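Student: I would like to go through the labels used for this model and ask what each one rests on.
Tutor: Go ahead.
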Amino acid sequence: MRLHKVYQCASLFHLPKQPFLLSSSPHFLSLKPPLRHPFQFIKPCSTTSPAAVRTKPMRFRNIAAVGAAENDGGSNGATHSSAGTADREDSSLENGYCLPPPEIRDIVDAPPLPTLSFSPHRDKILFLKRRSLPPLADLARPEEKLAGVRIDGKCNSRSRMSYYTGIGVHQLMNDGTLGPEKEIHNLPTGAKINFITWSSDGTHLAFSVRTDEEDGSSSMLRVWVADIETGKARPLFQATDIFLNAVFENFVWVNNSTLLVCTIPLSRGDPPKKTLVPSGPKIQSNEQKEIIQSRTYQDLLKDEYDEDLFDYYATSQLVLVSLDGSAKLVGLPAIYTSLDPSPDEKYIIVRSMHRPYSFNIPCGRFPQKVDIWTADGNFLREICDLPLAEDIPITHNSVRRGKRSINWRADKPSTLVWVETQDGGDAKIEVSPRDIVYAEPAEPLENEQPVVLHKLDFRYGGISWCDDSLALVYESWYKTRRIRTWIISPQSESASPRILFDRSSEDVYSDPGSPMLRRTPTGTYVIAKIRKEGDEGTYLLLNGSGATPQGNVPFLDLFDINTGNKERIWESDKEKYYETVVALMSDQDEREMYLHQLKVLTSKESKTENTQYYLFSWPEKKACQVTNFPHPYPQLSSLKKEMIRYERSDGVQLTATLYLPPGYDPARDGPLPCLMWSYPGEFKSKDAAGQVRGSPNEFAGIGSTSPLLWLARRFAILSGPTIPIIGEGNEEANDRYVEQLVASAEAAVKEVIRRGVAHPNKIAVGGHSYGAFMTANLLAHAPNLFSCGIARSGAYNRTLTPFGFQSEDRTLWEAVNTYVEMSPFISANKIKKPILLIHGEEDNNPGTLTMQSDRFYNALKGHGALCRLVILPFESHGYAARESVMHVLWETDRWLQKHCVDNSSDPIAPEENATTGITDAENKAVGVAGGVEEHQIPDDEIDNVQITRRSSL
């Protein structure tokens, strides 16, 4: 059974330096310069050795490199004068990577806390050591962009992978304390560790190791194993020429002593060479008049050479290898994307992809073959061979035709379960049922037909298995935001399915929680049944977030599956702390679980105390502290945090989290400069939009690009003010996007001014991705509210994303007015306040091409706007390298000091009807609840993504 695997690619935001908790369960469910014209283009020039950075044509030439300039600035952003701002600018405005003030830099450079991973038997904990921000040289390594995947050809893995630097093992004592750390040793110097997985019996770890080579590149990956008892690590393969292919799948434990590994074929030669003279033009044809619509995917295949290169790097040879080093080749070389051993370790579901490929869609929609093999590597039978899927409609809840979500039933030795759509995958087609869930044995008898487990009228969302008498089936429908949970008896034809929960996915107050899971001896996870002494009832543990109008109060309920009665057996502290139930810890064997023997892992934090983990036991209801992590940024340990509520002009209730710097007193110190950082979300009802999400007692996690860093610069931070875009009934939310956006921002600004914590002329607005889109629109349509804006990695012209964006599933031609009126690019002539645009030069997120910022900057410049564009070499949608992150912080701090702290201009009077900004549109749109990142789930993950329930951790 393998650990939740993480590629650890560069994240959208560098997460806070808090301990991550990884599961042992499978996927379930950051001198005075010369005067300059306000139009500035800044492209940082690396101070890294040229040998470490790949040579490539730069977008703007004639830029001289300078050393990184350190800007110490001042400690109190509220007290700088205009002259002080001028003094802070130096020649590094032109070129070179810069550093933010020490008070920000020290927080970002603080060493990160480790990631935690519990052993399958819950008796040991891994402390996975993490590095700080990587150097730009890591991102500058050559990479191939093929079929939506970025590949490091030298390592033959995904590019930009992060890694662990060490592994420590701690024994978890009976009293909840940790034993001394045992370091996994015998690793090569400078080892970069990835894909750490436990064997099902918890005696061994498997992981990949690579090291840096003399030219600055990384070596190829090799599979290593470590004995938990001794802590000694060694290469798995005795041969030194067997390397891991980690482009897709990498390796799995077939049993406690055997792994199935994707290796680079020994017969593989050099990469294919691209001919200098093409054999002909590049041609795409739709002479069959097929309707094929797709989002603006990036890094797609472009020609036959790309197809050959994709085959070269993605093709693996499977090798079955034992811990004693004996190995044998199994199967033919192919592009293996997933390997899934059955619970009884007798079979393996093998997924692969093959030609024909497409130049229009990423590899997740390429033809996919699903087979069953025996555990010793012999082909048994084909489950399906799905064709190229270019024509999946863009409508929400549309899926691929054919069998999907093919998995093993977790409570059975080797039973297959899958789903088939009955609407051809098109959510616009009305049909009942819409999805059917099937099951059959790995080796069905002759003429044995699959069993129908359940029929669904919404789209299938996953199954939580328990036993022959109980399973929970989930379905949802985006258009109505409905989500339903069914109780079924998998082996009883006479027992009729019944609805357990039927609710709105937006209504967080009605969320009953998710069933907690227990580990089985085979390494799978099933619903935990709880018994009470002297009671024959069947109880589940429902673990919920406990959303209330006062904030989240997580809970654990004992739920009678037959009567529906609940008993609250645990609840988070409401006054000072925020606590959650993380995982069951009393499921080490197959014995029935009794309430009086229950033991769970909980987390506990407060506004000023970072997350620690505890063991909580019944019947004493006593908590024993497991970890004692130091505060990641003690200089902000006394910051002030408050969850505030206020009302929009149309009556919608709004919330935000207000942070104030340590030692600040509004009565004594007066109003501060304020940074508002947010992200819009779409809803179907005003009531749901007004519900409170989050807790006022949660610890203030600060990532490496977080706006909370400016608490150290004496800013007030209004974090995550809700900006609901509501479309009730048949109304489409985006048709009133600008009107509702401005109304939400006005309400937020009025509230911080009313509280006396924000100066009316010194309020800045910012956001990332769809938040950047929000920022540009606010400066265009509400110029009286903000002194300046900061927009990172945004999309500003919706006509460049004509087949939908974010939650909009109408095309440009179906909703022309909406697309145009939502686009700040069209309103560039209205933007009069300073705006800082930042974008990664290698942004691969659908919809947010780097060109969006280029063209928006040119539009602003063409109308005389005060603007600045920063393009970050080698960076993607989020920013990873230390040089880039520090420069982004320097740019942001400089912008805030100059155009917010030192702003003395009077607010611009709003134009007539500026708060409305749009006309009645003929077409309607649908939004998404909760503000989902402007990012599409990779298509190769759509069928396999299920909601990760808290209990699975």
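Tutor: This is a predicted model. One place to begin is Lys 532, which stands opposite Asp 535 in β35.

Student: What makes β34 and β35 a pair of strands?
Tutor: The cut-off is at least two bridges between two strands. Strand β34 (residues 529-532) and strand β35 (residues 535-544) are joined by 3 bridges, so they pair, and they run antiparallel. The two form a hairpin with 2 residues between them, and Gly 534 in the turn has a positive phi of about 75°.

Student: How do you know that β34 also pairs with β39?
Tutor: Here 2 bridges are found, and at least two are required, so β34 and strand β39 (residues 593-594) count as paired. The sense is parallel. Arg 531 stands opposite Tyr 594 in β39.

Student: Why are β16 and β22 called edge strands?
Tutor: The sheet has 7 strands in the order β16-β17-β18-β19-β20-β21-β22, is open, and has antiparallel pairing. β16 (251-255) and β22 (379-386) each have a single partner strand, so one side of each is left without a neighbour in the sheet. On average, neighbouring strands of this sheet are turned by 40° against each other, direction ignored.

Student: What joins β17 to β18 within that order?
Tutor: There are 6 bridges between strand β17 (residues 258-263) and strand β18 (residues 316-322), which run antiparallel.

Student: Why is Arg 481 called buried?
Tutor: Buried means under 20% relative accessible area. Arg 481 has 2% relative accessibility, so the residue counts as buried. Arg 481 is found in the loop between β28 (470-477) and β29 (482-488).

Student: What makes the approach of Arg 481 to Glu 506 a polar contact?
Tutor: The distance limit is within 3.5 Å. The side chains of Arg 481 and Glu 506 are joined at 3.2 Å, so the distance meets that limit. The side chain of Arg 481 also reaches the backbone oxygen of Tyr 478, at 2.9 Å.

Student: How many aromatic pairs are there?
Tutor: The count comes to 19 aromatic pairs. Among them, Tyr 312 and Tyr 313 form an edge-to-face pair, 5.0 Å centre to centre with 85° between the planes.

Student: What does the pair of Phe 805 and Tyr 819 tie together?
Tutor: Phe 805 and Tyr 819 are edge-to-face, 5.3 Å centre to centre with 90° between the planes. Phe 805 lies in the loop between β50 (788-792) and α9 (816-822) and Tyr 819 in helix α9, so the pair ties together parts that are 14 residues apart in sequence. Both Phe 805 and Tyr 819 are buried.

Student: How do you know that a charge sits over the ring of Tyr 312?
Tutor: The charged end of Arg 268 sits over that ring, 4.1 Å from its centre, and the distance cut-off is within 6 Å.

Student: What makes α8 mostly covered?
Tutor: In α8, 12 of its 12 residues are buried. Helix α8 (residues 770-781) reaches 16 Å from its first C-alpha to its last, close to the 16 Å expected.

How values were computed:
Residues are numbered from 1 along each chain as its sequence is written. This is a predicted model: local features need pLDDT of at least 70, side-chain atom pairs count only at pLDDT 80 or more; totals for chains, interfaces and linings use all residues. Side-chain values use heavy atoms; hydrogens and water are left out. Helices (H or I, at least four residues) and strands (E, at least two) are DSSP runs, numbered from the N terminus. Buried means under 20% relative accessible area, exposed over 50%, partly exposed in between (1.4 Å probe, protein chains only). A polar contact is a pair of N or O atoms within 3.5 Å; within protein, one must be able to donate a hydrogen and the other to accept it, and residues adjacent in sequence count only if both atoms are side-chain atoms. Rings of Phe, Tyr and Trp (its six-membered ring) pair if their centres lie within 6.5 Å; planes under 30 degrees apart count as stacked, over 60 as edge-to-face and the rest as tilted. A charge sits over a ring if NZ of Lys or CZ of Arg is within 6 Å of the ring centre and within 35 degrees of the ring normal. The expected span of a helix is 1.5 Å times one less than its number of residues. Axes are lines fitted to C-alpha atoms, for helices over the stretch in contact, and angles run from 0 to 180 degrees between N-to-C directions.
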